[in-house]
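Keep the viewer open and follow along.

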Amino acid sequence: MDQLRAIRYFSKVVETGSFTKAAHFFKVPPSSLSRRVADLEKSLGATLLKRSTRLVKLTEVGQIYYNDMQQILAQLAQSNETVRSYQTTPMGRLSISSMVSFGDKILLPLLDEFSALYPEIILDVSLSDELSTLGRDDVDIAIRGGYAPNERVLAIKLMDNGFIPVASPAYLNKYGTPTDVMELKQHKGLYFKAPFGPTPWLCHINDQWHDVSGPAVVISNNGSWLAKKACNGEGILMSTRWALASYLESGQLQELNFEHPLTISQNAEMAVYLLYQKQRYLVPKVKAAVDFLVQKLQVKNESNLL
């Protein structure tokens, strides 16, 4: 415990840039805190901090040690929360990261229902198409589209995330309905911009991949805006079936069918995944959210397939 206390003192000195401020935070004399940090350096056989009358800075090895200790302290705090909250009422701040379109259309309405069930959970929801790293980015649950990530986390498949080509009746009446994928190269394209760039139109024919993308009219990471432009007859759009469901049901857009299906990736395992760290499932707020979202979304996906 003495070493742990010294590590906490050292970390706070780094964060505040001052032994005096760190001592004030812990309500201990500055001399006592300074002695603890010095003992820590002595036990490690390394100088962690450069001290001067005005500034306290990390040495090179001190920076390495500080970075490592932040991960350990974060894990310790997480473990403490798990133990304290075990078998208690779900409560506290729950951080969720999700893709923008999925969040707008599917996740946020479900979270309204979740909040009514668990009023003591404070939702902290971020919608972004940038990837979040669980643990590092202080995210309890992440929802991503694509394929299962190579992270040391649990990934639960919520639904398929296959992309389909659509166009408005007005566009097809004006430019004709393509019946062969190669004809798409002559059509106007509305492209979703993923973190790795605009999603292409790909097709697998005779054991070879072909890029059949047409000339771009618009590129954006705003799926709703792209769907609106497709409804206005401005081009062909490739998007997920769940994102296009309402437009297809209303007849504003119609799916284009080809002998060889289109995709945006050569990876066949495209899906929407719910991700969380295994040890976090023991925390009631995380368990409640994971169980709720998995049950609601997997049932929703099954009903859409019927």
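## Helix 5 against helix 8

Helix 5 and helix 8 pass each other in a left-handed crossing. In this predicted model, helix 5 covers residues 100-117 and helix 8 covers residues 241-250, and their axes come within 10 Å and cross at roughly 55°. An angle between 35 and 65 degrees is neither roughly parallel nor roughly perpendicular, so helix 5 is oblique to helix 8.

## Helix 1 against helix 2

Two packed helices are described by the angle between their axes and the distance between the axes. For helix 1 (residues 2-16) and helix 2 (residues 19-26), the axes come within 8 Å and the crossing angle is roughly 125°. Helix 1 and helix 2 are therefore oblique to each other, and their crossing is right-handed.

Which residues make this contact? Helix 1 supplies Arg 8, Tyr 9, Lys 12, Val 13 and Thr 16, while helix 2 brings Phe 19, Lys 21, Ala 22, Phe 25 and Phe 26. By class, the contact of helix 1 with helix 2 has six nonpolar, one polar and three charged residues.

## A closer look at helix 1

Helix 1 has 15 residues and spans 21 Å from its first C-alpha to its last, close to the 21 Å expected at 1.5 Å a residue. The buried residues in helix 1 include Ala 6, Ile 7, Phe 10 and Ser 11. Tyr 9, Lys 12 and Val 13 are buried too, and Tyr 9, Lys 12 and Val 13 also take part in the contact with helix 2. Just after helix 1 comes Gly 17, with a positive phi of about 75°.

## Helix 2 against helix 3

Helix 3 takes in residues 30-44, and its axis comes within 8 Å of the axis of helix 2, with a crossing angle of roughly 105°. Helix 2 and helix 3 are therefore roughly perpendicular to each other.

On the helix 2 side, Phe 19, Ala 22, Ala 23 and Phe 26 meet Pro 30, Leu 33, Ser 34 and Val 37 of helix 3. This contact of helix 2 with helix 3 has seven nonpolar residues, one polar and no charged ones.

## Two residues with positive phi

Most residues other than glycine have a negative phi. Lys 27 has a positive phi, near 60°, and is not a glycine. Lys 27 sits in the loop between helix 2 and helix 3, and its relative accessibility of 75% is over the 50% cut-off, so Lys 27 counts as exposed.

Asp 207 has a positive phi as well, about 65°, although it is not a glycine. Where is Asp 207 found? Asp 207 lies in the loop between strand 10 (202-205) and strand 11 (208-211). Asp 207 is exposed, with a relative accessible area of 71%.

Is Met 238 buried or exposed? Met 238 belongs to strand 13 (residues 236-240), and because its relative accessibility is 2%, Met 238 counts as buried.

Leaving aside residues up to four places away in sequence, Met 238 touches Phe 163, Ile 164, Pro 165, Leu 190, Trp 201, Leu 262, Thr 263 and Ile 264. Met 159 is 79 residues from Met 238 along the chain, and their C-alpha atoms are separated by 18 Å.

Key. Residues numbered from 1 in each chain as written. Predicted model: local features only at pLDDT ≥ 70, side-chain atom pairs only at ≥ 80, totals over all residues. Heavy atoms only, no water. Axes fitted to C-alpha atoms, helices over the stretch in contact; angles between N-to-C directions. Helix = DSSP H or I, 4+ residues; strand = E, 2+ residues; numbered from the N terminus. Parallel < 35°, antiparallel > 145°, perpendicular 65-115°, else oblique. Left-handed = near helix turned anticlockwise from the far one by under 90°. Contact = heavy atoms within 4.5 Å. Nonpolar A, V, L, I, M, F, W, Y, C, P; charged D, E, K, R; others polar. Expected span 1.5 Å × (residues − 1). Buried < 20%, exposed > 50% of the residue type's maximum accessible area, 1.4 Å probe, protein only.
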